[in-house]
Amino acid sequence: MTQTTLRQHLHASNTDRDLLMLLEDIATACRMIADRVRHGAFAGVLGAAETENVQGETQKELDVISDEIFQEIVGGNPNLAALVSEEVDEVNWRKQAPQAGDFVVYYDPLDGSSNLDVNLSVGTIFSIVRLKEAVPTEASAVQIKGTEQIAAGYAIYGPSTGLVVTVGQGVVGFTHHPGSGEFLLTQPAMSIPEQTQEFAINASRYDLWEAPVRRYIDDCLRGANGRRGKKFNMRWCASMVADVHRILTRGGVFLYPKDSGNAGQGGKLRLMYEANPMGMLVEQAGGAASTGTGRIMDVAPTGHHQRVSVILGSRDEVAEIERYYTE
Ligand code: AHM
Ligand code: MG
């Protein structure tokens with residue numbers, strides 16, 4: 001079997017050199033976060049913030065540790081204008097006078113961290129845009145739409161550590177090889193089947209859902225005897241990276257819609273750190289990513305912590321759910 005590293009793959013697919021370096025920095029940060037996640041139980045950092053470890057020392061929670069690692073490693077990239085983190089209120093400008101061509105990275109350092117206590121998969125999600133012009137170091141970088149992303153991806157910390165990336169030419173998956181320390185290419189062309197019989201949603205919010213979502217899920221649950229005429233399987237990891245990784249591997253649909261419990265905020269999941277990068281990956285793998293009434297990547301951001309309704313996965317199923325919204 002030939003072994004292709006992340007760098008070799010990006011080089012062979014003519015990835016711009018600066019972007020290649022940035023992706024390598026992100027991969028390094030993810031390897032370091034994976035290590036801290038793996039040792040979390042020993043270090044006493046799996047619980048809530050400021051817990052004590054077995055030696056009675058105060059520890060930061062892993063979300064905060066992961067954010068610090070990302071800021072330290074990726075923040076040192078010479079072509080980076082700003083880092084925008086789900087964990088931090090303000091944009092972290094790395095240049096005083098950002099120029100056209102400089103990068104902005106939006107990221108969620110440790111998504112799904114409620115799964116840490118129970119030893120289930122979590123991940124780091126990232127989205128990369130390039131500034132089109134010089135900007136003042138104020139709010140400008142937050143206004144960039146998902147369609148402007150030049151690359152996106154996530155690391156998954158599961159039974160193995162994976163890295164899934166798109167630079168706008170399909171989606172490729174790598175697996176961390178502990179012996180060499182490299183991410184090696186293991187899924188050269190991830191693609192989502194157009195149709196599916198598997199959905200993922202937090203069903204405990206049933207009473208809060210809007211009518212179209214409730215009708216859609218009711219019809220799925222009725223199986224072969226209902227409107228859909230087929231049986232559906234259900235999964236919910238409560239970890240978006242794990243749910244999206246399954247969909248990129250075998251198809252399915254993921255929903256975290258706006259409902260009456262989160263409508264005041266516009267939904268639960270974050271546009272810049274979660275919905276846009278996952279939307280780009282899913283579209284690049286042949287799937288679709290929608291708010292229910294429009295394409296996620298077309299949403300014009302009003303702030304970097306903005307939340308949005310998310311419905312993504314197998315293309316035909318997302319289109320079917322959009323039909324429920326128009327009925
Ligand atoms: P987080 O960024 O605070 O970890 O929240 C995002 C996570 C997603 O990974 C996951 O899909 C969702 O929240 C789970 O929410 P719930 O606990 O309502 O099922
Ligand atoms: Mg998150």
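This is a predicted model: local features need pLDDT of at least 70, side-chain atom pairs count only at pLDDT 80 or more; totals for chains, interfaces and linings use all residues.
Student: How is the chain divided?

Tutor: Into domain 1 (6-187) and domain 2 (198-326). Their C-alpha centres lie 24 Å apart. The contact takes 42 residues from domain 1 and 31 residues from domain 2.

Student: And what area do domain 1 and domain 2 bury between them?

Tutor: About 2,700 Å², with 63% of it on carbon and sulfur atoms. On the domain 1 side, Glu86, Ile125 and Tyr154 lose the most area to domain 2, together 20% of what that side buries.

Student: How many residue pairs are in polar contact between domain 1 and domain 2?

Tutor: The count is 14 residue pairs, both residues being at pLDDT 80 or more. As for strands, β3 (80-85), β5 (103-111), β6, β7 (151-157) and β8 (161-166) each supply at least two residues of the side of domain 1 that touches domain 2. The largest share of that side comes from β7, with six residues.

Student: How many salt bridges does the rule find across the interface of domain 1 and domain 2?

Tutor: One. Elsewhere in the list of pairs, Glu86 forms a salt bridge with Arg270, where the closest N and O atoms are 3.4 Å apart.

Student: Glu86 again. Which residues coordinate the magnesium ion (ligand 2)?

Tutor: Glu86 (OE), Asp108 (OD), Asp111 (OD) and Glu274 (OE) do, at 1.9 to 2.7 Å. Along the chain, the donors of the magnesium ion (ligand 2) follow the spacing E-x21-D-x2-D-x162-E.

Student: Are Asp108 and Asp111 buried or exposed?

Tutor: Asp108 is buried, and Asp111 is too. Glu274 is among the buried residues of α7.

Student: Why is helix α7 called largely enclosed by the rest of the structure?

Tutor: Because 12 of the 14 residues of helix α7 (residues 271-284) are buried. Those buried residues include Leu271, Met272, Tyr273, Met278 and Val282. Just after α7, Gly286 takes a positive phi of about 95 degrees.

Student: Back to the strands. Where does Gly123 lie?

Tutor: Gly123 is in strand β6 (residues 122-130). Gly123 is buried, with a relative accessible area of 0%. Leaving aside neighbours within four places in sequence, Gly123 is in contact with Asp108, Pro109, Leu110, Asp111, Ala155, Ile156, Tyr157 and Val241. Two of those names, Asp108 and Asp111, also coordinate the magnesium ion (ligand 2).

Student: How many Å apart are Gly123 and Ser180 in space?

Tutor: 21 Å, C-alpha to C-alpha, and they are 57 residues apart in sequence.

Student: New topic: Glu198. What does the side chain of Glu198 make a polar contact with?

Tutor: With the side chain of Arg250, at 2.9 Å. Glu198 is placed in strand β11 (residues 198-200), and Glu198 is buried at a relative accessible area of 9%. Not counting residues up to four places away in sequence, Glu198 touches a set of residues that includes Phe232, Asn233, Arg246 and Arg250.

Student: How many salt bridges does the structure hold?

Tutor: 21. One of the pairs is Lys258 with Glu210, whose side chains meet at 3.4 Å, N to O. Lys258 is in the loop between β13 (253-256) and β14 (269-270), Glu210 in the loop between β11 and α5 (211-222), and the two are 48 residues apart. Lys258 counts as partly exposed at 30% relative accessibility, and Glu210 is partly exposed with a relative accessible area of 30%.

Student: What about Arg215 and Glu327?

Tutor: Their side chains meet in a salt bridge at 3.2 Å, N to O. Arg215 lies in helix α5 and Glu327 in the segment after α8 (315-326), so the pair ties together parts that are 112 residues apart in sequence. Arg215 counts as partly exposed at 32% relative accessibility, whereas Glu327 counts as exposed at 52%.

Student: Which residues are linked in a network of salt bridges?

Tutor: Arg215, Arg227, Glu320, Arg323 and Glu327.

Student: Last one: where do Glu283 and Arg295 sit?

Tutor: Glu283 is in helix α7, and Arg295 is in the loop between β15 (288-290) and β16 (307-308), 12 residues apart. Their side chains meet in a salt bridge at 2.8 Å, N to O. Glu283 is partly exposed, with a relative accessible area of 25%, and Arg295 is partly exposed at 35%.

Definitions and conventions:
Residues are numbered from 1 along each chain as its sequence is written. Chains are lettered from A and ligands numbered from 1 in the order in which they are written. Side-chain values use heavy atoms; hydrogens and water are left out. Helices (H or I, at least four residues) and strands (E, at least two) are DSSP runs, numbered from the N terminus. Buried means under 20% relative accessible area, exposed over 50%, partly exposed in between (1.4 Å probe, protein chains only). Contact means heavy atoms within 4.5 Å. Donors are N, O and S atoms within 2.8 Å of the metal (3.2 Å for Na, K and Ca); water is not among the atoms, so sites may look incomplete. Domain bounds come from an automatic or database domain assignment. Buried area is the accessible area (1.4 Å probe) that two parts lose on being put together, summed over both. A salt bridge is a side-chain nitrogen of Lys or Arg within 4 Å of a carboxyl oxygen of Asp or Glu. A polar contact is a pair of N or O atoms within 3.5 Å; within protein, one must be able to donate a hydrogen and the other to accept it, and residues adjacent in sequence count only if both atoms are side-chain atoms.
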